[in-house]
Amino acid sequence: MTALDIPQATSDTGLFPYFEDIIEYQHYAENAQQGDGESDDSSDEYEEEDNSFQNQRLDAQHLNLDQIFTELQKRRLKARGFFSDDAKTLQQAFDAEYEAYQETKRKERIANKERRERERLEKKRRKRIEIELKNEQEQLDHDERLAALLVLVKQGRAPTNCRIELNAVTARTFAFAQYAPSSNIVYLDVSNQGLPDYAGAYLCRALGKNSMVKKLELGSNKFGIQTCKELGAVLTSNAVVEYVCLECNPLVEGDVSGTSSVTGRNNGGDGENNDNLSGIQALAEMLSMNKTLRHLSLWQCMIGADGGKIIADVIESSNDAVVMLKSGYNAWEDSTIRRIDAKTSANREIRRVKREAKARQREHEELLRLEEQRLKEEKARLEANEIWLEEQTKERAENR
């Protein structure tokens, strides 16, 4: 590995804001896995507020009449010459000034606190980016083949059919490289690697700017809700991807007995609720709008009966594109599977009819083209004959 390759292989720091929420989720997931809470490196030096100004309220009753008169003149208030009346008027002015001072100090304190918080978060973000880049560098130092491939991906010179070995760190590095407009990979295979959910989220979001990938092999990892959400969001508008395999992934972050693979929390019942089905709902929303995806494998993804109904409802009512949906080993009801099979069969038939119609149209257009070419050639031949006859007539006339 040359010194030139490594800087090109590491992630572009300018892309971190685009993936920042996934990076936050990654750190949360890593801390949860290690049993640690989210660390907060904020300093306590600013926790104690400056309340010294609170003792500055003035009392007009402690002043004599001359002093009260002077203070009233400073404030352009009219004195009546009676101590009680003038003291009351001045006290009202003192109170109003005090409240205004308090409000000003409160706003300053809030502004300072917000500024310190922004500075703390920015410092934390920069530190996190430094750590992530350092981790990437260490991984690439030990994997020259991957580093070289990342350079080729960014340059648009990678193999179009690509099986790539990744881990929790290099998945983001590769996703950043895939985000480049020049990326030329058409078939991407990252299956059977046990990659975590946030790795799948990185890889799927990278498709947002990618117009080349048509086939995705994502099976046999640990992809879950976040991966489903990112994939759903991207494929809602993506008109390129035709094949996605998600088989053998815990797409609801746990099995149908109700144990979450991330939190270790029992959800009760059959393990399905609005939270762990949110990824499936994102996929369903995508299926209602996507017109390009043909093949989707959800085989053995532990989705459960309720999730199956969500998929079946949208396939049956709103999707005319998917012609194959693998759904085995998800604890789906037979009626759900029959509904999906019936609609995908209908989609295949519609696609077959359209394909045959297009073939007939192409054949018809080809026949028209050939006939047009024949007529042009015939016309050219007749014109050539006419010219030859005219030349022969002139030649005979001259010979006479």
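Two strands are said to pair if DSSP finds at least two bridges between them. Helices (H or I, at least four residues) and strands (E, at least two) are DSSP runs, numbered from the N terminus. The model is a predicted one, in which local features need pLDDT of at least 70 and side-chain atom pairs count only at pLDDT 80 or more, while totals for chains, interfaces and linings use all residues. Residues are numbered from 1 along each chain as its sequence is written, and side-chain values use heavy atoms, with hydrogens and water left out.

Six strands form an open sheet in the order 1-2-3-4-5-6, with parallel pairing. Its edges are strand 1 (161-163) and strand 6, each of which pairs on one side only. On average, neighbouring strands of this sheet are turned by 5 degrees against each other, direction ignored; the axes behind this angle are lines fitted to C-alpha atoms, for helices over the stretch in contact, and angles run from 0 to 180 degrees between N-to-C directions. Within the sheet, strand 2 (residues 187-189) and strand 3 (residues 215-217) pair in the parallel sense over three bridges.

The nonpolar interior comes next. A nonpolar core is a set of buried Ala, Val, Leu, Ile, Met, Phe, Trp, Tyr and Cys residues joined through side-chain atoms within 4.5 Å. Buried means under 20% relative accessible area, exposed over 50%, and partly exposed in between (1.4 Å probe, protein chains only). The largest core has 68 residues, of which V244, L298 and I311 touch the most other members. Several helices each supply at least two residues of this core, including helix 2 (20-34), helix 4 (83-141) and helix 10. Helix 7 gives the most, with six residues. With contact taken as heavy atoms within 4.5 Å, and residues up to four places away in sequence not counted, I311 touches I280, A284, L287, L298, L325, W332 and I340. Another core, of six residues, lies apart from this one and has A60, I68, L72 and F94 among its members.

Rings of Phe, Tyr and Trp (its six-membered ring) pair if their centres lie within 6.5 Å; planes under 30 degrees apart count as stacked, over 60 as edge-to-face and the rest as tilted. By this rule there are seven aromatic pairs. The rings of Y18 and F19 have centres 5.0 Å apart and planes at 80 degrees, so this pair is edge-to-face. Y18 is partly exposed, at 33% relative accessible area, whereas F19 is buried, at 0%. W299 and Y329 also form an edge-to-face pair, with 5.3 Å between centres and 80 degrees between planes. W299 lies in the loop between strand 5 (295-297) and helix 10 (305-318), and Y329 in the loop between strand 6 (324-326) and helix 11 (334-399), so the pair ties together parts 30 residues apart in sequence. Ring pairs also link F16, Y18, F19, F176, Y179 and Y202 into a cluster.
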